[in-house]
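Welcome, and thanks for taking a look at this one with us. Please open the model beside the text and follow along as you read.

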Amino acid sequence: QVRNDLTGVLYGEDIEISDTESFSNDPCTSVKKLKGNDVRIILGQFDEEMAVKVFCCAYDEEMYGSKYQWIIPGWYENLWWESWINSSQCLSKNLLAAMEGYIGVDFEPLSTKMLKTISGRTPQQYEKEYNAKRADGQSSKFHGYAYDGIWVIAKTLQRAMKYLNATNKHQKIEDFNYTNHRLGKIFLDAMNETNFFGVTGQVVFRNGERMGTIKFTQFQERKEVKVGEYNAVADTLEIINNSIRFQGLEPPKDKTIIQEELRKISLPLYSILSALTILGMIMASAFLFFNIKNRNQKLIKMSSPYMNNLIILGGMLSYASIFLFGLDGSFVSKKTFETLCTVRTWILTVGYTTAFGAMFAKTWRVHAIFKNVKMKKKIIKDQKLLVIVGGMLLIDLCILICWQVVDPLRRTVEKYNMEPDPAGRDISIRPILEHCENTHMTIWLGIVYAYKGLLMLFGCFLAWETRNVSIPALNDSKYIGMSVYNVGIMCIIGAAVSFLTRDQPNVQFCIVALVIIFCSTITLCLVFVPKLITLRTNPDAATQNRRFQFTQNQKKEDSKTSTSVTSVNQASTSRLEGLQSENHRLRMKITELDKDLEEVTMQLQDTPEKTTYIKQNHYQDLNDILSIRNFTDNKDGEKAILKNHLDQNPPAQWGTSDPSRTSKDPIEDINSPEHIQRRLSLQLPILHHAYLPSIGGVDASCASPCVSPSASPRHRHVPSSFRVMVSGL
């Protein structure tokens with residue numbers, strides 16, 4: 001009945017009862033259920049024997065200490081646990097540890113106020129007189145209520161007699177019997193009007209119940225200490241100052257308080273990585289300044305300065321995405337965070353494609369010129385490369401726009417298991433973490449990764465195909481391969497570790513930021529540092545073929561074409577197959593001319609009386625030899641251009657002589673031994689000097705040892721810087 005009444009009162013005061021357990025012998029099962037239901041404040045109704053068992057079970061289940069509060073009856077005898085400790089299976093210290101801090105609730109046997117009661121005595125005087133009269137007799141804690149009860153009866157009878165005398169003089173109190181309802185109602189009304197101060201406090205009845213004073217005691221250090229009292233008449237609770245001792249920093253909670261805590265990125269970590277990012281952007285700006293300032297240098301021209309600018313722009317966009325990856329709910333609002341989810345994805349994707357797309361476009365041009373031997377002569381300008389990079393970016397934009405329209409990124413909150421409060425408070429921390437996700441996140445990421453992977457494979461293919469191109473200013477295949485390798489490895493490792501550290505935002509952000517910084521920095525350094533070093537040390541070496549040098553005429557033609565592709569296109573005008581065929585034809589032609597020359601020599605020696613002339617078709621054959629312009633090294637597959645110009649005036653025919661002398665005695669002068677020797681000494685070296693440089697016999701710029709430099713005017717004007725030695729035909 002007490003429990004039912006208490007339950008009704010608690011519900012009336014809007015107090016929730018989480019669980020109610022009953023037991024007859026073993027309370028441990030009920031204690032376990034209370035703990036499972038996260039009950040923190042326990043109201044117990046049991047006697048001393050069962051109280052010992054309950055606290056033993058509470059100790060075993062760790063339901064004591066700063067998180068729990070036990071409230072039990074306070075009418076137990078003094079040192080009640082010592083009488084029943086032997087009947088339990090727990091140690092005395094364990095029992096006392098579980099009992100520490102419990103609150104006992106009992107009525108106040110005597111008032112603590114030093115006021116005179118209806119009897120003229122104070123409660124303290126009454127207690128002293130009572131103890132003196134009972135001597136060593138057994139006492140009851142209800143003796144004060146019995147004393148005040150007698151006074152209630154006396155006051156009720158007195159009030160009833162006054163009422164009867166005033167209303168009905170024929171009926172007296174002596175006429176009372178238990179069947180007289182009229183007198184019973186008079187007595188009940190008189191008792192309800194009772195209101196005086198007795199030894200137990202203010203004596204008042206409401207609805208037939210005595211309204212008294214409730215005292216609260218707390219078990220502290222193996223004894224019960226009064227900590228407060230509740231006056232039911234005045235409905236006031238009085239707590240003795242600093243008397244209640246809670247085992248924690250604050251009173252226990254009625255249940256586990258779950259406090260959600262956003263796991264955010266550490267501000268010092270964000271500051272450090274932002275500083276590194278700023279340094280990377282400063283480095284990229286320095287490379288941009290270097291590229292623009294030296295754009296007219298041959299080394300930079302041949303490396304496509306516009307494409308270099310796009311590579312730098314892509315790196316700077318990748319750097320900028322780091323700032324956005326570090327902004328979470330601790331810096332921005334929920335709506336702004338959702339917007340950042342989309343913006344940072346777009347910036348990183350476009351930056352990656354811009355940087356590597358420009359790099360691969362440059363390599364494609366070199367591949368198209370040097371590897372596609374069937375391609376006709378044409379100029380591949382930077383505008384076409386920009387179109388290629390724009391096409392790559394267009395694919396990116398199509399994917400990102402579809403992603404944004406069909407399944408946009410949203411802010412999602414992931415909740416993790418509860419953790420104890422690091423500060424020791426009686427609360428549990430539930431970590432929450434913000435993510436940028438959507439319904440089909442795996443599919444969209446797979447599409448992006450597949451496209452980027454194909455782009456990387458295409459770049460690797462181009463780098464491998466152009467690995468033997470021997471002009472350093474044009475061929476970045478080695479550095480592209482190194483960039484792709486480093487970026488690929490770092491991205492794979494970064495993606496895997498980032499996925500495994502989803503619940504640790506600091507670690508995840510640190511890994512993502514370092515991967516972006518490393519990939520962007522290593523790519524920019526591999527592209528620009530070698531150019532910077534070469535430009536400082538030997539700018540001409542990087543623009544020249546490793547086996548051949550450009551001729552002066554080719555240099556003039558280079559100035560008429562676009563800056564970055566002219567030299568490459570001029571070098572590709574003669575293809576390998578045509579050169580091999582032309583080389584074979586010229587070999588045969590030289591062999592025939594050697595035979596004709598031998599015949600002429602024999603005729604000059606055997607028939608001195610005849611004047612010998614070179615046939616006009618032989619002279620034309622010599623012109624064909626002298627007009628050879630393109631040769632190739634068959635061993636290395638490398639190409640060079642050799643241009644030799646004939647004089648505008650054709651050489652005189654062999655055997656011509658001074659008319660002044662022939663008019664005198666032509667036959668004698670022409671056939672004389674002196675004239676024959678002179679003709680041979682002049683004509684044979686000239687012929688050999690004309691075609692031997694074409695097959696690698698002598699340097700085209702040197703004079704014949706038999707002829708003075710003035711005899712070979714077409715070789716005298718060639719500068720030494722454009723001398724070409726072609727061998728191996």
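Here is a short tour of helix packing, nonpolar cores and a few single residues. The model is a predicted one, so please read every value below as computed from predicted atoms.

**Helix 10 against helix 15**

- Two packed helices are described by the angle between their axes and the distance between the axes.
- For helix 10 (residues 305-325) and helix 15 (residues 505-537), the angle is about 165° and the axes are 10 Å apart.
- Because angles over 145 degrees count as roughly antiparallel, helix 10 and helix 15 are roughly antiparallel to each other.
- The crossing of helix 10 past helix 15 is left-handed.
- On the helix 10 side, the contact includes Asn308, Ile311, Gly315, Tyr319 and Phe325; on the helix 15 side, the residues include Phe509, Ile516, Ser520, Leu524 and Lys531.
- Sorted by class, this contact between helix 10 and helix 15 holds 13 nonpolar, 6 polar and 1 charged residues.

**The nonpolar cores**

- The largest nonpolar core has 53 residues, and the members that touch the most others are Met307, Ile311, Phe356, Phe360, Phe509, Leu524 and Phe528.
- At least two residues of this core come from each of helix 8 (267-293), helix 10, helix 11 (334-370), helix 12 (382-406), helix 13 (441-465), helix 14 (477-500) and helix 15.
- Helix 11 is the biggest contributor to this core, giving 11 residues.

- Thr353 sits in helix 11 and counts as buried, because its relative accessibility is 0%.
- If residues up to four places away in sequence are set aside, Thr353 touches Ala358, Met392, Leu393, Asp396, Tyr451 and Lys452.

**Helix 4 and its surroundings**

- Helix 4 spans residues 92-99, and Asn94, Leu95, Leu96, Ala98 and Met99 in this helix are buried.
- Those buried residues pack against helix 3 (48-60) and strand 7 (213-219).
- Ala97 also belongs to helix 4, but Ala97 is partly exposed, with a relative accessible area of 29%.
- Not counting residues up to four places away in sequence, Ala97 touches Tyr59 and Tyr64.
- Ala97 and Tyr59 are 38 residues apart in sequence, yet their C-alpha atoms are 7.6 Å apart in space.
- Just after helix 4 comes Gly101, with a positive phi of about 95°.

- Most residues other than glycine have a negative phi.
- Asp14 has a positive phi, near 65°, without being a glycine.
- Asp14 is in the loop between helix 1 (2-12) and helix 2 (28-36), and it counts as exposed because its relative accessibility is 74%.
- Asp235 is not a glycine either, and its phi is positive at about 55°.
- The loop between strand 8 (224-231) and strand 9 (236-239) holds Asp235, which is exposed, with a relative accessible area of 55%.

Conventions
Residues are numbered from 1 along each chain as its sequence is written. This is a predicted model: local features need pLDDT of at least 70, side-chain atom pairs count only at pLDDT 80 or more; totals for chains, interfaces and linings use all residues. Side-chain values use heavy atoms; hydrogens and water are left out. Axes are lines fitted to C-alpha atoms, for helices over the stretch in contact, and angles run from 0 to 180 degrees between N-to-C directions. Helices (H or I, at least four residues) and strands (E, at least two) are DSSP runs, numbered from the N terminus. Angles under 35 degrees count as roughly parallel, over 145 as roughly antiparallel, 65 to 115 as roughly perpendicular and the rest as oblique. A crossing is left-handed if the near helix is turned anticlockwise from the far one by less than a right angle, and right-handed if clockwise. Contact means heavy atoms within 4.5 Å. Ala, Val, Leu, Ile, Met, Phe, Trp, Tyr, Cys and Pro count as nonpolar, Asp, Glu, Lys and Arg as charged, and the others, Gly among them, as polar. A nonpolar core is a set of buried Ala, Val, Leu, Ile, Met, Phe, Trp, Tyr and Cys residues joined through side-chain atoms within 4.5 Å. Buried means under 20% relative accessible area, exposed over 50%, partly exposed in between (1.4 Å probe, protein chains only).
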